[in-house]
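Subject: Structure for your attention

Dear colleague,

Please find below the structure that I am handing over to you. A summary of the findings follows it.

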Amino acid sequence: MAVLGARLTPARQQALSVSIATGAYALSFGALSVAAGLDLWQTSALSLLVFSGGSQFAFVGVIGAGGIPAVAAATSTFLGIRNGFYGVALAPVLRPWHGWRSWWGTQVTIDESTAVAIAQPEHDAEARRAGFWWTGVGVYVLWNAITILGALVGQRVGDPSAWGLDAAAAAAFLGLVWPRLADRRALAVAAVASVIALALTPFAPVGVPIMVAAVVAVAAGWPTPRAGTTAAAPKENS
Amino acid sequence: MTPYAWTWVAIVGAGAAMWLIKAVGHRVPEHALDNPRLVRIAALVTVSLLTALAALQTLTVGKGLEVDARVPALAVAAVLLWRKAPFIVVVAVAAGVAAGLRALGWG
């Protein structure tokens with residue numbers, strides 16, 4: 001580590017540690033996906049193509065609970081919408097980009113690569129770019145390799161709940177959302193969405209409770225706080 | 001088509017949708033995302049989906065509600081998160097607590 005530390009810039013050190021920590025978490029994804037009934041190839045394809053942890057867990061969660069694939073894909077996509085906002089935040093760091101960099105950089109635009117890029121000093125564009133690429137590529141490589149490992153090991157361990165993997169997935173969701181529970185409105189939305197989703201579970205078709213959670217967020221976010229004149233105003237220009 | 005084939009369609013579809021979402025973000029002119037309502041809702045959707053998923057993952061089995069070893073495991077995870085423990089530690093300890101309790105014959 002001392003050797004590595006001497007040779008790597010802070011952005012690259014952060015990228016490596018984030019990649020290892022995030023990649024390790026793919027072990028439980030691989031195991032849970034197989035436990036939900038997907039095979040090794042499908043599990044691996046999810047990590048290669050979707051490449052967004054929360055969305056992948058949601059996908060296999062819906063399948064594991066007996067939901068139809070279309071609902072799994074819709075839930076996964078809903079959860080991935082936040083990734084769309086990262087490109088905007090990264091634009092000043094990464095633009096202009098062309099060709100293969102644009103395709104590949106789009107794929108590795110995730111929570112972690114954005115976080116490490118934005119964590120670098122604002123004036124140091126090179127460190128920010130390095131943070132993005134090292135984290136994005138590092139997580140991609142480890143995430144996919146360890147997904148395969150989890151799927152293979154998962155097939156041998158039998159019941160994943162004996163290993164606490166169901167609790168691990170729940171804790172992972174909680175860990176991902178934790179930093180966003182800072183303000184009161186977010187906490188209220190989290191509480192209401194959870195209670196309604198739980199209350200609907202025995203009655204509604206699988207996957208619907210989670211969709212209703214999204215509706216709670218839209219309803220809570222629609223009205224303009226304080227200064228807003230009319231919540232029903234059709235357009236918010238300028 | 002078989003359910004297996006439909007699962008493949010959903011995987012490829014989810015992958016394509018995710019790539020498009022990311023691509024749109026990178027190609028959106030910056031001023032278009034000045035709309036505060038859009039930004040607000042996007043942040044809250046992430047919060048509501050992830051907490052609802054955590055709640056369902058902790059308290060449901062199929063279509064039934066159930067309290068078992070996952071509940072204390074999540075309580076420990078919450079304390080660790082509050083104490084700012086690293087992500088991977090939180091996930092590993094939660095698994096350990098649930099596995100330990102089940103090994104002891106509870107939940």
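**The two domains of chain A**

Domain 1 of chain A and domain 2 of chain A bury about 610 Å² between them, and carbon and sulfur atoms give 81% of that area. Buried area here is the accessible area, taken with a 1.4 Å probe, that two parts lose on being put together, summed over both. This is a predicted model, in which local features need pLDDT of at least 70 and side-chain atom pairs count only at pLDDT 80 or more, while totals for chains, interfaces and linings use all residues. Residues are numbered from 1 along each chain as its sequence is written, chains are lettered from A and ligands numbered from 1 in the order in which they are written, and side-chain values use heavy atoms, with hydrogens and water left out.

Domain 1 covers residues 10-178 of chain A and domain 2 covers residues 181-222; these bounds come from an automatic or database domain assignment. The contact (heavy atoms within 4.5 Å) takes nine residues from domain 1 of chain A and six residues from domain 2 of chain A. The centres of the two domains, taken over C-alpha atoms, are separated by 23 Å.

Between these domains there are two residue pairs in polar contact, both at pLDDT 80 or more. A polar contact is a pair of N or O atoms within 3.5 Å; within protein, one must be able to donate a hydrogen and the other to accept it, and residues adjacent in sequence count only if both atoms are side-chain atoms. On the side of domain 1 of chain A that touches domain 2 of chain A, the largest share, four residues, comes from helix 6 (residues 69-80) of chain A. Helices are DSSP runs (H or I, at least four residues), as strands are (E, at least two), numbered from the N terminus.

**Chain A against chain B**

In the pairing of the chains, 89 residues of chain A are in contact with 64 residues of chain B. The area buried between chain A and chain B is about 6,700 Å², with 74% given by carbon and sulfur atoms. One salt bridge crosses this interface, the term meaning a side-chain nitrogen of Lys or Arg within 4 Å of a carboxyl oxygen of Asp or Glu. In that bridge B:Arg102 pairs with A:Asp166, and the closest N and O atoms are 2.9 Å apart. Helix 11 (residues 165-177) of chain A gives the most to the side of chain A that touches chain B, namely 12 residues.

**Salt bridges overall**

Over all chains the structure holds three salt bridges. In one of them, A:Arg180 is joined to A:Asp111, with 3.5 Å between the closest N and O atoms. Because A:Arg180 lies in the loop between helix 11 and helix 12 (184-200) of chain A and A:Asp111 in helix 9 (residues 111-119) of chain A, the pair ties together parts that are 69 residues apart in sequence.

**Annotated spans**

An unreviewed UniProt entry places the feature "transmembrane region" at residues 6-25, 37-56 and 85-104 of chain B; UniProt positions are in the numbering used here, feature names are shortened, and annotations may be inferred rather than shown by experiment. Residues 37-56 of chain B are 100% helix and 0% strand, with end C-alpha atoms 28 Å apart. For chain A, the annotation, also from an unreviewed entry, covers residues 15-38, 58-81, 132-154, 160-179 and 186-219. Residues 186-219 of chain A are 79% helix and 0% strand, and their end C-alpha atoms lie 12 Å apart.

Yours sincerely
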